[in-house]
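Thanks for coming, everyone. I have one structure to walk through today. Let me put it on the screen.

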Amino acid sequence: MSPQRRTALVSVVAACVLISLKLATGLATGSLGLISEAVHSGTDLVAALLTLFAVGISGRPADRGHPYGHGKAEHLAALAEAGILALVSLYISYRALAVLVGAAEPRVDPTWYALLVVVAVIVIDASRMLVSLRASRRYGSPALAANAIHFGSDLAGSTAVLAGLLLARAGWREGDAAAALFVAALVLLAATRLMRRNVDVLMDRVPADAERAARAAIARMEPAVQLRRLRMRQAAGRHFADVVIGVSPDAGVGQGHAAADAVEAAVQSALPGSDVVVHVEPASEDAVLRERIHAAALTVPRVREIHNFRVVEVDGGIQVALHLKLPRDLTLETAHAVASEVERAIADAVPEVVSVQTHLEPLSEPAAGWTAVAEEDAERIREIVRERTGSNPREVRFLQTDDGLVAFLTLALDPGVTLAEAHAHASEVEEDVRRTLPELADVSVHTEP
């Protein structure tokens with residue numbers, strides 16, 4: 001049995017004992033306060049049974065029908081408890097007011113054993129309140145926290161009943177009814193507080209403190225990310241966060257995943273045990289700005305390629321750094337002139353850019369190569385293809401490059417095979433060729449019907 005269920009079960013047993021004790025003494029002495037407290041303890045029993053049920057339900061792991069778990073069962077139980085408390089408070093108020101306004105005669109007999117029973121009840125209420133309070137803090141259980149508040153109101157009510165019996169014993173027989181009215185006010189106050197708190201959770205009201213903590217944790221991240229949206233809710237003491245962040249459009253999948261992991265870790269550090277889902281999007285404003293810069297740079301003749309964009313926002317505006325690839329036979333003077341022209345084109349097209357830093361690179365030339373004849377290697381490749389496919393390759397040729405000998409072969413496959421099957425055949429042939437002819441610099445396998 002889980003600690004939460006054990007705590008709830010203790011509450012059930014304690015409520016049964018208190019109901020019997022208060023009701024028997026109240027009927028024997030005619031004390032409205034004790035009878036009202038017995039009814040109040042009846043709500044304790046209902047609340048404890050609801051809590052026992054709710055903790056068992058909320059403790060179940062998430063499943064297909066409840067991907068967020070069953071934590072809200074505790075809040076439903078606490079809301080039901082609040083409704084019962086409100087009804088009981090109205091009943092207690094009616095009975096007490098009837099005595100206080102003279103519509104009913106006080107029939108209390110404040111005997112010594114009634115006082116002894118109330119003192120014993122106070123001790124029990126105090127112990128129950130402390131046990132539930134500690135358990136709710138340890139396990140973050142709203143249902144157990146609701147019980148702690150309820151038991152606290154029981155303690156205050158029992159103390160008021162003791163005071164009322166002492167006043168009745170001193171001669172003011174309406175003191176018992178006054179204590180009962182005080183109990184009703186406590187019950188109604190507790191019911192209102194419980195209803196508001198649990199309705200907020202059931203309606204997915206944003207937990208303000210938790211949201212502030214999550215935003216602060218994301219804001220402290222290095223490197224910084226753009227927080228697009230943060231949605232939060234809570235259930236059974238656990239926080240759920242949906243986060244949307246913006247990263248650079250040039251960032252790779254790995255970089256975006258790393259940023260999402262960093263955000264998840266930051267939020268869970270601020271809110272331990274929270275469930276965090278992070279969605280990564282390209283930073284749209286940054287993307288539009290990059291497109292404008294890219295388009296402006298490509299208007300300059302001789303610019304062949306632009307890459308490694310870096311856009312930084314500073315107080316004075318936007319600073320841009322980029323790499324330009326130009327024909328490799330240009331002189332440095334000419335290349336510098338092209339770069340200056342690129343900088344002017346960007347400044348004219350994107351006025352918010354205050355600085356452009358360019359890095360010049362030569363375009364890569366195609367690798368030199370020539371046709372090679374390697375008939376012995378070609379025959380070994382044909383044998384491999386026949387073993388794998390049952391027929392000869394359509395073509396086998398070789399190119400000699402600076403890196404070594406490269407083999408190109410074309411496989412003829414059944415037109416009905418799937419692309420996945422064709423790729424698997426090509427991969428198997430490639431692996432066999434590389435294993436048989438390790439001296440080859442590279443192997444390229446083409447498939448066709």
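E395 is partly exposed, with a relative accessible area of 37%. For the scale: buried is under 20% relative accessible area, exposed is over 50%, and partly exposed is in between, with a 1.4 Å probe and protein chains only. The side chain of E395 meets that of R397 in a salt bridge, at 3.3 Å from N to O. By salt bridge I mean a side-chain nitrogen of Lys or Arg within 4 Å of a carboxyl oxygen of Asp or Glu. R397 also counts as partly exposed, at 37% relative accessibility.

Some ground rules. This is a predicted model, where local features need pLDDT of at least 70 and side-chain atom pairs count only at pLDDT 80 or more, while totals for chains, interfaces and linings use all residues. Residues are numbered from 1 along each chain as its sequence is written, and side-chain values use heavy atoms, with hydrogens and water left out.

Now the overview. The protein chain has twelve helices and ten strands. These are DSSP runs numbered from the N terminus: helices are H or I with at least four residues, strands are E with at least two. Of the 449 residues in the chain, 43% are buried. The accessible surface comes to about 23,800 Å², and 57% of that belongs to carbon and sulfur atoms. Those areas come from the Shrake-Rupley method with a 1.4 Å probe; for residues, only the protein chains shown count as cover. What about contacts, meaning heavy atoms within 4.5 Å? Take those between residues at least 6 apart in sequence: 68% of them join residues at least 24 apart.

Back to salt bridges. How many does the structure hold? The count is 15. One of them joins R228 to E281, with the closest N and O atoms 2.6 Å apart. This pair links distant parts of the chain: R228 sits in strand 1 (residues 226-235), E281 in strand 3 (residues 275-282), and they are 53 residues apart. R228 is partly exposed at 32% relative accessibility. E281 is partly exposed too, at 27%.

Next, a pair within one helix. D432 and R435 form a salt bridge at 2.4 Å, N to O. They are about one helical turn apart, because three residues separate them in helix 12 (residues 419-436). R435 is exposed, at 58%. There is also a network of salt bridges, linking E375, E379, R382 and R386.

On to the interior. In soluble globular proteins, nonpolar side chains tend to be buried together. A nonpolar core here is a set of buried Ala, Val, Leu, Ile, Met, Phe, Trp, Tyr and Cys residues joined through side-chain atoms within 4.5 Å. The largest has 28 residues, and the members touching the most others are L32, L34, I92, V118, V161 and L165. Which elements give two or more residues to this core? They are helix 2 (32-58), helix 3, helix 4, helix 5 (142-170) and helix 6 (175-202). Helix 3 gives the most, with eight residues. Another core lies apart from this one; it has 23 residues, among them I318, L322, A335 and V338. As for I92, leaving out residues up to four places away in sequence, its contacts are S36, A180, V183 and A184.

Now the loop between helix 3 (72-100) and helix 4 (112-139), where we find V101. V101 is exposed, at 65% relative accessibility. Together with L97, L100, L167 and W172, V101 forms a nonpolar patch on the surface, with about 470 Å² of accessible area. Patches are made of residues with over 30% relative accessible area and no salt bridge; like charges are joined within 9 Å, and nonpolar side chains (Val, Leu, Ile, Met, Phe, Trp, Tyr) within 5 Å.

P110 is in that loop as well. P110 is buried, at 10%. Beyond four places in sequence, P110 touches L165, A168 and R169. P110 and G30 are 80 residues apart in sequence, and their C-alpha atoms are 8.5 Å apart in space. T111 lies in this loop too. T111 counts as buried, at 14% relative accessibility. Setting aside neighbours within four places, T111 is in contact with T29 and R169.

That is my tour. Questions, please.

Notes:
Contact = heavy atoms within 4.5 Å.
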